[in-house]
Structures are given as C-alpha cells and as structure tokens.
Amino acid sequence: MEIHTVKANGITLAYRAWGPEDAAPVLLLHCRGADGGDWTTIAARLAAGARPRRVYAPDLRGHGHSDWPGADPGATADVYAYETMCDDIHAFLAALGADRVDVVGHSLGGAVAYLLAQRHPGVVRRLVLEDVPAPIPLDPPRPPAERPDGELSFDWAMVRATDEQRNAPSRAWWEGMRRIAMPTLLIGGGAGSLIPQDQIATLAGLIPDARLVTVEAGHLVHETRPEEFLAVVEPFLAE
C-alpha cells in the first residue's frame, strides 16, 4: 500500500488511501502504538463495498511514518496532547479538501475522533467509536510504563504524554459530549476487553444521539472480528 504525506498543523502526516477519489469519504483513526496500516482489511472492504467509499487512514503524530515532534529537544508539554492530535486531523482533512466525513476511531483514535466531533461538528457526518471509554480519571492512576527494548514504530514520549492525559482527562472533554449532535455508534469489545465496559456505556449515555453495540472480541474489535465489526459499521454509515 502506497504511503502519501501531507503538511498539516505544522508537521508532516503520513496516510494511506483506498477507493474512488470522488466517493463519500471515511476517516479511520488508529489506536495508540499502531498506524494507519492497522485498518487495511476494514478500509479495503469499505472502499469496495456496495456503496464504495473513499477511505483515509492517517498515522497520528508520533506514530509510524508521520512526524515524531516529541523527539525534538525543544518540544513543549502539549506536543502529544489529544487536543493537538485533533488539530492535526482537522488540518489534515482541510488539506485533502474533505470537508464532511464519516469518522471511525479506535481507542486513542476514538478520543481524537470525539474531540473532532466536539470542536468541529460541521466536519463530522457520522461518528463511530470502537472500545472508547468515557473520560473518567483513572483511580488508581496508571503507573509510568517501562519502555520496551529495541526500536519502536512510535515515539515513546507519546506514550508518557497520553498516559498522563488518560490518568487525568480534561473536564472539558466530558462537558463537550453533549455537543456531539451527529449520529454516533459505540462498539464495545465486551468482557475480554481491557476497557471497563461500563465506561463505554457511560459514554453512550453522555452523547445525545448514540447507540451502543457489543461485539465480544476484546479491545481489538475490528482486527479480531472484522466481519462482525463491518456488519454493524457499514449499515450505520449507509444511513
């Protein structure tokens, strides 16, 4: 799969694309530690379905082939803030001329997706959040993670920064859920997921036009059960 790049929000973002260029666009946002290639199976199906879609799957900052600005000695504390990633994606869509898209986000990508829906509602037509919890502070906090040995496909500074925000998410994220007016589908991974499923139900209750479906697949729903994932996502996006 060819990897493209675009300048957005002052950095270079890498992305993959599938499907007819003039088809209705879908944006896929990956989880922490992955990259846009994580969506290949799902993207190929969406691009070649009964109603073909133009699918974009960027690498978030600090991941894959996109810039890793946290490696800069002069990087500021917010270089990997969720809000900064949201600004990246908003600028990414503008650079591509995609002014209204369906957005599917998994885990970290789901948090970026709901911030995009809160802050730029006119850009998001429909929203899908895969195994994304409500922004509830962790108690006890997640302890500092130890860096694995060897070369990584993501910036370890991003892990530290996103752990801090996951431990103590902004109250504004919670309050902004009421502003998400577009139809929203939440997919929970069920009992095998590392995400407390009651927190996904809480998130569904915060968003006015939300529905919740559980697929017993663990946290990686679209990877572990792609057919079941598509069985709920494709009809929702077709509405």
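Biologist: Where does Pro140 sit?

Modeller: In this predicted model, Pro140 is placed in the loop between strand 6 and helix 4. The peptide bond that joins Asp139 to Pro140 is cis, with an omega of about 5 degrees.

Biologist: And which loop holds Asp131?

Modeller: Asp131 lies in the loop between strand 6 and helix 4, and its phi is positive, at about 50 degrees, although Asp131 is not a glycine.

Biologist: Is Asp131 buried or exposed?

Modeller: Asp131 counts as buried, because its relative accessibility is 0%, and the cut-off for buried is under 20%.

Biologist: What about the phi of Ser107?

Modeller: Ser107 also has a positive phi, about 55 degrees, and is not a glycine either. Ser107 is found in the loop between strand 5 and helix 3, and it is one of the residues that lie nearest the centre of the largest pocket.

Biologist: OK, then tell me about that pocket. How many residues line the largest pocket?

Modeller: The lining is made of 23 residues, and those nearest the centre are Ser107, Pro133, Arg142, Arg166 and Ile195. Two elements give two or more residues to this lining, namely helix 3 (108-119) and helix 4 (156-167). The space in the largest pocket comes to about 450 Å³.

Biologist: How does that lining divide into nonpolar, polar and charged?

Modeller: For the largest pocket the division is 15 nonpolar, five polar and three charged residues.

Biologist: And how much space lies in the second largest pocket?

Modeller: The second largest pocket holds about 240 Å³ of space, and of the 15 residues that line it, Arg51, Arg53, Glu234, Leu237 and Ala238 are the closest to its centre. Here the residues divide into eight nonpolar, one polar and six charged.

Biologist: Which element supplies the largest share of that lining?

Modeller: Helix 8 does, with three residues. Strand 5 (101-106) and helix 8 (226-238) each supply at least two residues of the lining of the second largest pocket.

Biologist: Let's stay with strand 5. How many of its residues are buried?

Modeller: Six of the six residues of strand 5 are buried, so this strand is largely enclosed by the rest of the structure. As background, side chains in a regular strand alternate between the two faces of the sheet. In strand 5, Val101, Val103 and Gly105 point one way, while Asp102, Val104 and His106 point the other way, and all are buried.

Biologist: Which strand pairs with strand 5 over four bridges?

Modeller: That is strand 3 (residues 25-29), and the pairing is parallel; within it, Leu29 has Gly105 of strand 5 as its bridge partner. Strand 5 also pairs in the parallel sense with strand 6 (residues 124-130), over six bridges.

Biologist: What stands opposite Asp102 in strand 6?

Modeller: Arg126 stands opposite Asp102. Arg126 also lies over the face of Phe236, at 4.8 Å from the ring centre.

Biologist: Switching to rings, then: how many aromatic pairs are there?

Modeller: The count comes to six aromatic pairs. One of them is Tyr15 with Phe92, where the ring centres are 5.3 Å apart and the planes stand at 75 degrees, so the pair is edge-to-face. This pair links distant parts of the chain, as Tyr15 is in strand 2 (residues 11-18) and Phe92 in helix 2 (residues 82-96), 77 residues apart.

Biologist: Are Tyr15 and Phe92 buried or exposed?

Modeller: Tyr15 is buried, with a relative accessible area of 11%, and Phe92 is buried too, with a relative accessible area of 0%.

Biologist: Which residues form an aromatic cluster with Tyr15?

Modeller: Tyr15 forms one aromatic cluster with Tyr56 and Phe92.

Biologist: And what kind of pair do Phe154 and Trp156 form?

Modeller: Phe154 and Trp156 form a tilted pair, with 6.5 Å from centre to centre and 35 degrees between the planes. Phe154 counts as buried at 15% relative accessibility, and Trp156 counts as buried at 13%.

Terms used. Residues numbered from 1 in each chain as written. Predicted model: local features only at pLDDT ≥ 70, side-chain atom pairs only at ≥ 80, totals over all residues. Heavy atoms only, no water. 1 Å grid on protein atoms, 1.4 Å probe; cavity = no way out; pocket = protein on both sides within 12 Å on 5 of 7 lines; lining within 4 Å. Points joined across faces, edges and corners; volume = space filled by probe spheres on them. Nonpolar A, V, L, I, M, F, W, Y, C, P; charged D, E, K, R; others polar. Phe/Tyr/Trp six-rings, centres within 6.5 Å; stacked < 30°, edge-to-face > 60°. Buried < 20%, exposed > 50% of the residue type's maximum accessible area, 1.4 Å probe, protein only. Lys NZ or Arg CZ within 6 Å of the ring centre and 35° of its normal. Pairing = 2+ DSSP bridges.
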